[in-house]
Amino acid sequence: MGGLASIGVPGLIIILVIVLIIFGPKKLPEIGGAVGKTFSEFKRSTKGLMDDDDDETVKKDTVEEKDLKKSEKL
């Protein structure tokens with residue numbers, strides 16, 4: 001219903017306690033590092049996709065401007 005954004009602080013604390021019980025305190029830094037790397041890679045990938053999309057839009061606009069200029073000369 002509310003999605004991930006509505007978890008709140010108590011929900012995060014419960015999740016952390018469950019993770020601590022399941023994996024133990026020695027594994028938590030490894031898990032945290034893996035999650036952080038995953039999120040940073042995801043962010044980098046989505047930024048790359050957005051940049052590629054912007055580049056294609058610029059190329060399309062440039063081609064359309066050239067076509068418009070050619071039609072105006074005629």
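**Exercise 1. The annotated span**

Which residues does the UniProt annotation "transmembrane region" cover, and how much of that span is helix or strand in the model?

*Solution.* 
Step 1. The unreviewed UniProt entry places the "transmembrane region" at residues 6-23.
Step 2. Turn to the coordinates, which belong to a predicted model. Residues 6-23 are 89% helix and 0% strand.
Step 3. The end C-alpha atoms of this span lie 25 Å apart.

**Exercise 2. Helix 1 and its end**

Compare the reach of helix 1 with the expected value, then find what follows the helix.

*Solution.* 
Step 1. Helix 1 runs over residues 8-23, a total of 16 residues.
Step 2. From first C-alpha to last, helix 1 reaches 23 Å.
Step 3. After helix 1 comes Gly 24. The phi of Gly 24 is positive, near 85°.

**Exercise 3. A nonpolar patch**

Which residues make the nonpolar surface patch of about 400 Å²?

*Solution.* 
Step 1. The patch is made by Val 9, Ile 13, Val 17 and Ile 21.
Step 2. Recall the helix geometry. An α-helix has 3.6 residues a turn, so residues three or four places apart point the same way.

**Exercise 4. Salt bridges**

How many salt bridges does a search of the whole structure find? Which residue pairs with Lys 27, and which with Glu 41?

*Solution.* 
Step 1. The search finds two salt bridges.
Step 2. Lys 27 pairs with Glu 30; their closest N and O atoms are 3.7 Å apart. That is within the 4 Å cut-off. Lys 27 counts as partly exposed, at 42% relative accessibility.
Step 3. Glu 41 pairs with Arg 44, with closest N and O atoms 2.7 Å apart.
Step 4. Why can these side chains pair? Side chains of opposite charge can pair when their charged atoms come close. Glu 41 and Arg 44 are three residues apart in helix 2 (residues 28-73), so about one helical turn separates them.
Step 5. Glu 41 is partly exposed, with a relative accessible area of 40%. Arg 44 is exposed, at 52%; the cut-off for exposed is over 50%.

**Exercise 5. The whole chain**

How many helices and strands are in the chain, and what share of its residues counts as buried?

*Solution.* 
Step 1. The chain has two helices and zero strands.
Step 2. Of its 74 residues, 1% count as buried.
Step 3. The chain exposes about 7,000 Å². Carbon and sulfur atoms supply 68% of that area.

How values were computed
Residues are numbered from 1 along each chain as its sequence is written. This is a predicted model: local features need pLDDT of at least 70, side-chain atom pairs count only at pLDDT 80 or more; totals for chains, interfaces and linings use all residues. Side-chain values use heavy atoms; hydrogens and water are left out. Helices (H or I, at least four residues) and strands (E, at least two) are DSSP runs, numbered from the N terminus. The expected span of a helix is 1.5 Å times one less than its number of residues. Buried means under 20% relative accessible area, exposed over 50%, partly exposed in between (1.4 Å probe, protein chains only). Accessible areas come from the Shrake-Rupley method with a 1.4 Å probe; for residues, only the protein chains shown count as cover. UniProt positions are given in the numbering used here, feature names are shortened, and annotations may be inferred rather than shown by experiment. Patches are made of residues with over 30% relative accessible area and no salt bridge: like charges are joined within 9 Å, nonpolar side chains (Val, Leu, Ile, Met, Phe, Trp, Tyr) within 5 Å. A salt bridge is a side-chain nitrogen of Lys or Arg within 4 Å of a carboxyl oxygen of Asp or Glu.
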